[in-house]
Amino acid sequence: MTELGQRLRQERENKGLSLEDLQKLTKIQKRYLLGIEEGNYEVMPGKFYVRAFIKQYCEAIGLDTDAIFEEYKSDIPSTQTEDMPQQLSRVRSRKEIPQHTKGVSKAYDYLPTVLVVAGVVVVGIIIWVIAQNIVSDKNKEQANQEAPNSEVQQSNTQEETNETTAKNDNSKSEDEQSAADKKEQEKEKAEKEKAAKEKAEKEKAEKEKKDSGKQEYKEVQKTGRSATYALSGTDAFNLEVTSTQADTWLDVKNGKGNAFFSSILKKGETKEFDLTKETEARVNIGYSPGVELKVNGKAVDLPFDSSKQVRQVVTIQYQPAEAQ
């Protein structure tokens, strides 16, 4: 194992991550990650992938990539430009073609295309002339047939126009009335929803204010990387966990060991848990720097300095106010 591999494995374990967890974060196969830690670069597809995979590994566990590459450059293989195989061609270059034949060859190349285009144009003109003659004859015949009935048709058309105009006016009036009624209904609905939302927010704020006045969150004991707290004086137990700096492993279970969440918490992501029906919750944080905890909407400090204790386990024992 190289010094670089030892450093990376130690940082990964300090963050509470397994190789499977790191595989999910980086999308790099586990055997390649193990090869990096053991310094066995022979399993990699190539030297370029070795450097790329090491870079992704460092970023996933929060290390400065440039600093790592500089400090352990003797452990990291350097890439070299591979010589491209010389391409073979049986086509003669332009320099090999006699200059006096170029113009003739180019003319012959375009001759079939010119002939095809000319043929298509001629056929199109013939079809257009025939179509114009057919349409002209048909229009003359139709005009002769419709001439005797033109006055009657004109009268009927005028009546139909008047009738259609009246119907359109009535329809327009009805549509305008319907649109006005719909707009009024939507306005009333929006006002009711707004009032209901404001009422709910007011009740929630009053409840939180009432609970915060009674709520007590105090430390019970600390040992190693674990700490226990007691939550009392409230009828609610809502927990929020937010990661602001980097991805972290998060595991939340109740006192019976049933898991509410056990996965990677992405940077900038917040998870909320309603634990009011539980008497105990255990929160296992793999990478605590930048992790924020809130109990019933109120921020609480982590038990240990995250720069010294990266992985932390917080147990919260809950006793509802009504049971006290």
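I take contact to mean heavy atoms within 4.5 Å. I count helices (H or I, at least four residues) and strands (E, at least two) as DSSP runs, numbered from the N terminus.

I note that this is a predicted model, in which local features need pLDDT of at least 70 and side-chain atom pairs count only at pLDDT 80 or more, while totals for chains, interfaces and linings use all residues. Residues are numbered from 1 along each chain as its sequence is written, and side-chain values use heavy atoms, with hydrogens and water left out.

**Entry 1: helix 2**

I looked up the buried residues (under 20% relative accessible area, 1.4 Å probe, protein chains only). In helix 2, residues 19-26, I found L19, D21, L22, L25 and T26. Seen down the helix axis, they fall within an arc of 155° (taken from the directions from the axis to the C-beta atoms), so they line one face of helix 2. Their cover includes helix 1 (3-14), helix 3 (30-38), helix 4 (47-60), strand 4 (248-254) and strand 5 (259-265). After helix 2 comes K27, with a positive phi near 65°.

**Entry 2: helix 2 against helix 3**

I recorded that the two axes, lines fitted to C-alpha atoms over the stretch in contact, come within 9 Å and cross at roughly 110°. Helix 2 is therefore roughly perpendicular to helix 3 (65 to 115 degrees). From helix 2, L19, E20, L22, Q23 and T26 meet K30, L33, L34 and E37 of helix 3.

**Entry 3: T315**

I located T315 in strand 10, residues 312-318. T315 is buried, at a relative accessible area of 15%. Leaving out residues up to four places away in sequence, T315 touches A227, T228, Y229, E280, A281 and R282.

Definitions and conventions. Buried means under 20% relative accessible area, exposed over 50%, partly exposed in between (1.4 Å probe, protein chains only). Axes are lines fitted to C-alpha atoms, for helices over the stretch in contact, and angles run from 0 to 180 degrees between N-to-C directions. Angles under 35 degrees count as roughly parallel, over 145 as roughly antiparallel, 65 to 115 as roughly perpendicular and the rest as oblique.
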